[in-house]
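Hi,

Here is the structure for your files. Please open it before you read on. My notes on its packing and charge pairs follow.

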Amino acid sequence: MSAAVGAKSPLLLYVNTPFCNSKCHFCDWVVKVPIGDLRLGPESEGRRGHLDALKIQIAEQAPALNERYRPELMYWGGGTASILSCEEIETLYGAMADAFPMGEVVEATIESSPESLTLEKLTLLRGLGFNRISIGVQSFEDDRLRMIGRAHSAEMAETSIELARKAGFDNINIDLIVGFPDQDLTEVERMMRHAVDLPVNHYSIYAYRASEGTVLRRRLDRANAKTDLANQLKAYQLASDILTAGGSPEYTFAYFGTPICKADLAYYQMKLDWIGFGSGAFSVIDGRMKGFKAGKLHDYIAHPTQFDYDLPLSDESQAAGLLGFALTTPEGVDAEVFQQRTGVSLWTALEYQGVKDYLAQFCQYGELITDEKGIRFAREDIAKVFISMNWHEQPDESAPAPVPVELGMPTTASV
């Protein structure tokens, strides 16, 4: 059914916080961020400048957006969104509420790290209308957490879940990583069986990726070692089996449980536009991809309404990334949606040489199903395809579309 004439389209509001308490050893996003900018405190000039720039961007871009869109989803990511102080949260949310009709938002998520959560902060977030929280736990073992450079302990991780429940959150996701080079299946099983006993309803399971420039990748290179693909696949399957048996089946690659995360699926499937606020954020508006490069905090502060890039979704350089994200879902790439969103026929895009080369890598690990509806992988092949792709060096960075950390193709680059 077509939308009524004059009806406003749904919009995802994305807010990026480019700060963290630690530079995690596995995270490929922080590679691009100077440590002096990453770990700024709330009283620092950079933190204050970023908040001021956010207010300017929101205020200047909201009027035109409100003419055509109605906010339906909101996602605060990073970096670490929960690193913001209560005062910063109130100021930022107030700027959003002044600019947009927030009462129509049905899902509001904030990404967090355990060491940055307090009952006071969680109660504030819940009172403001956040109804979903994602907590970057990664592991429940202190030795593993130290090895990957996390700023929290296993005890903090469990406490953060308890505090979120106490504050009124009943939609809680936790991120966990499997497949580290020295991680055996016994450790994976121990972590997953513990996870299903916790009061959470959603799980994001990421297979470790040895991303260029990270501390863990440098350690592997010095030891002339590599991750074990076969072990990673077994680890992911073990995690999947335990979660499914515990009542949290996988609904798309890396995501398990209910309710589904509407923001992530909207992004992967290209089903609505979104506006990205903040350094490192990007937007899809009016058939165009536009945004700010990661690690350019001071450029954003100086020019918060001047995007670093602005490309049509029809541009050949964008096709491979858009297809790759959609293929992480069981529905795959819908030919009709692709045409509507990009203005290019899916069948035309599949003839681009860059797309052919990109998909050829995928097809080493699974058969691409093609019919009149579009393209997809069989559900049982998706994890194998994408974990295998992560295991090898990634395609040239110019091929996939620019993406933010928390709303990109599932990787280990999340808080």
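A contact here means heavy atoms within 4.5 Å. On that basis, and leaving out residues up to four places away in sequence, Ile 205 touches Leu 176, Val 178, Met 192, Tyr 236, Ala 239, Leu 243, Ala 254 and Phe 256.

Some ground rules. This is a predicted model, where local features need pLDDT of at least 70, side-chain atom pairs count only at pLDDT 80 or more, and totals for chains, interfaces and linings use all residues. Residues are numbered from 1 along each chain as its sequence is written, and side-chain values use heavy atoms, with hydrogens and water left out.

**Cores**

A nonpolar core is a set of buried Ala, Val, Leu, Ile, Met, Phe, Trp, Tyr and Cys residues joined through side-chain atoms within 4.5 Å. Buried means under 20% relative accessible area, exposed means over 50%, and partly exposed lies in between (1.4 Å probe, protein chains only).

The largest nonpolar core holds 118 residues. Ile 205 is among those with the most contacts inside it, along with Met 74, Trp 76 and Ile 174. Helix 3 (residues 86-99) supplies the largest share of this core, seven residues. Helices (H or I, at least four residues) and strands (E, at least two) are DSSP runs, numbered from the N terminus.

There is also a second, separate core of 14 residues. Its members include Cys 20, Cys 24, Cys 27 and Phe 180.

**Salt bridges**

Side chains of opposite charge can pair when their charged atoms come close. The rule used: a side-chain nitrogen of Lys or Arg within 4 Å of a carboxyl oxygen of Asp or Glu. That gives 17 salt bridges.

- Arg 70 bridges to Glu 72, with the closest N and O atoms 2.9 Å apart. Arg 70 is partly exposed at 30%. Glu 72 is partly exposed too, at 22%.
- Arg 217 meets Glu 212 at 3.1 Å, N to O. Arg 217 counts as buried at 12%, whereas Glu 212 counts as exposed at 53%.
- Lys 290 pairs with Asp 310, the closest N and O atoms being 4.0 Å apart. This pair links distant parts of the chain, 20 residues apart: Lys 290 sits in strand 11 (residues 288-291) and Asp 310 in strand 12 (residues 309-312). Lys 290 counts as buried at 16%. Asp 310 is partly exposed at 36%.

Best wishes
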